[in-house]
Amino acid sequence: VVSFKELIAPADSPVVRNLKNAGAIVVGRTNTPEFSFRATTDNELYGRTFNPWNDWASAGGSSGGAGAAAMMGYGPIHHGNDIGGSLRFPAACTGAVTVKPGFGRVPAYNPSAPAERGMLAQIMSVQGVIAREIRDVRLAMPALINYDPRDPWMVEAPFEGAPAEDPLKIAWTTNDYGMGIDSKVVAAVETARDILEAAGYQLDEVKPPPFDEIGAAFCRALFGEAKMLMDADVRKYGSTTIQRIFDDYYEVFGTDSPEEYPHSLAQRNDYVRRWTLFLAEYPLVLTPFLMGKTYAWHRDAQGPEGVREVMGKSIYGYSMNYMGLPAAIAQVDLNDGLPIGVQIIGRRFREDQCLDAAEAIEKVVGIMAEELWRRQLEQEASV
């Protein structure tokens, strides 16, 4: 029972409250980048979060501390959020697993925020968890989605949906949209495809609605809103590094003007409709997440080309934030000693189907953290 007094002066966010009510014990906080607006995790207060596989590699962001902590065994369940990949970047970079919930799925409210977020942030930013194995993500999600009236956009819906038709159809693609894609990433998607076919799914290579067009629209709208609502704080409180990165974001991806912004939000409805129609035929879609290898920890701070490599080649990820659709990360292989994850996109409120497919892959490939720990034990034994 939640009292009115607790609602108007809440101590915990809905995520923390829901997890605690389910029996979770909070043991600490993990690191994030400044403004939670980088695909790597570094800040002037706590420094850099290291990728447990390789010191030079990024642990992803913005929930990079959560991904690294999960893989190092600090706890089974780690909270993160995702407006453009901030759950999936850390999972893809560190070897962890996650599902980005769809819009309206997990209650979101920050009791300490002095003002409401921008409109686009409200409909794209979602709360979720990062873990070492799908079992723990599946354990946390039903608790996470418990209703909280402080989020007016939350939809009450059961976590497990109706059984799917057999066989469930999955579209798959490795289209690089002219940006170039690493051959081992293509191989990882094809391996996942073969595993899912063997598990009883029907896999068809199909061209989904355009990720590149949707991703470009996402970036212009997101960075347009950021420039209007966040830029003054970035200049006032941000380090010189994050200020340069924001300048590069604006240059590489463009920004909607105040006059263009409402037209972009209107066009978004057409994109969502096209995806909804596509998912009516193919309830799941298998794609890459990163088109290239895991990047160096400071690559996005190395000018426009660095930003383009890190963010530009992750259009499969942030386009799903624009659609408000769930998307899981499953681990498949290693690429030069660093994990390669694939993305599984699903219908709204069908995170369970995304996790079913991810778990089918995990059963064959194994849990990436176990491989990490095996390698670390071998290194320690050889010293």
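This is a predicted model: local features need pLDDT of at least 70, side-chain atom pairs count only at pLDDT 80 or more; totals for chains, interfaces and linings use all residues.
Helix 2 passes helix 6 in a right-handed crossing. Two packed helices are described by the angle between their axes and the distance between the axes.

**Helix 2 and helix 6**

- The axes of helix 2, which covers residues 14-21, and helix 6, which covers residues 134-144, come within 8 Å and cross at roughly 110°.
- Because angles of 65 to 115 degrees count as roughly perpendicular, helix 2 and helix 6 are described as roughly perpendicular to each other.
- On the side of helix 2 the contact is made by V15, N18 and L19, while helix 6 brings A140, A143 and L144.
- Sorted by class, the residues of this contact between helix 2 and helix 6 comprise five nonpolar ones and one polar one, with no charged residue among them.

**Helix 7 and helix 14**

- Helix 7 (residues 183-198) packs against helix 14 (residues 351-365) at an angle of about 100°, and the axes of the two helices lie 9 Å apart.
- This pair of helices, helix 7 and helix 14, is therefore also roughly perpendicular.
- In the contact, A192, I195 and L196 of helix 7 meet A357, A360, I361, V364 and V365 of helix 14.
- The contact of helix 7 with helix 14 has eight nonpolar residues, and neither polar nor charged residues take part in it.

**Cavities**

- Rolling a probe the size of a water molecule over the atoms shows where empty space is left.
- Four cavities of 30 Å³ or more are found in the structure, and the largest cavity holds about 130 Å³ of space.
- The largest cavity is lined by 14 residues, of which F37, R38, I83, G84 and M311 are the closest to its centre.
- In the lining of the largest cavity there are eight nonpolar residues, five polar residues and one charged residue.

**The second largest pocket**

- The second largest pocket contains about 160 Å³ of space, and the residues that line this pocket include M179, D212, C219, F253, R308, K313 and Y318.
- At least two lining residues are supplied by each of helix 8 (211-229), helix 10 (240-253) and helix 13 (315-323), and helix 8 gives the most, with four residues.
- By class, the lining of the second largest pocket divides into seven nonpolar, two polar and three charged residues.

Definitions and conventions. Residues are numbered from 1 along each chain as its sequence is written. Side-chain values use heavy atoms; hydrogens and water are left out. Axes are lines fitted to C-alpha atoms, for helices over the stretch in contact, and angles run from 0 to 180 degrees between N-to-C directions. Angles under 35 degrees count as roughly parallel, over 145 as roughly antiparallel, 65 to 115 as roughly perpendicular and the rest as oblique. A crossing is left-handed if the near helix is turned anticlockwise from the far one by less than a right angle, and right-handed if clockwise. Contact means heavy atoms within 4.5 Å. Ala, Val, Leu, Ile, Met, Phe, Trp, Tyr, Cys and Pro count as nonpolar, Asp, Glu, Lys and Arg as charged, and the others, Gly among them, as polar. On a 1 Å grid over the protein atoms alone, a cavity is a set of points where a 1.4 Å probe fits but cannot get out, and a pocket is an open set with protein on both sides within 12 Å along at least five of seven lines; lining residues have an atom within 4 Å of a point. Grid points are joined across faces, edges and corners, and a volume is the space filled by probe spheres set on the points.
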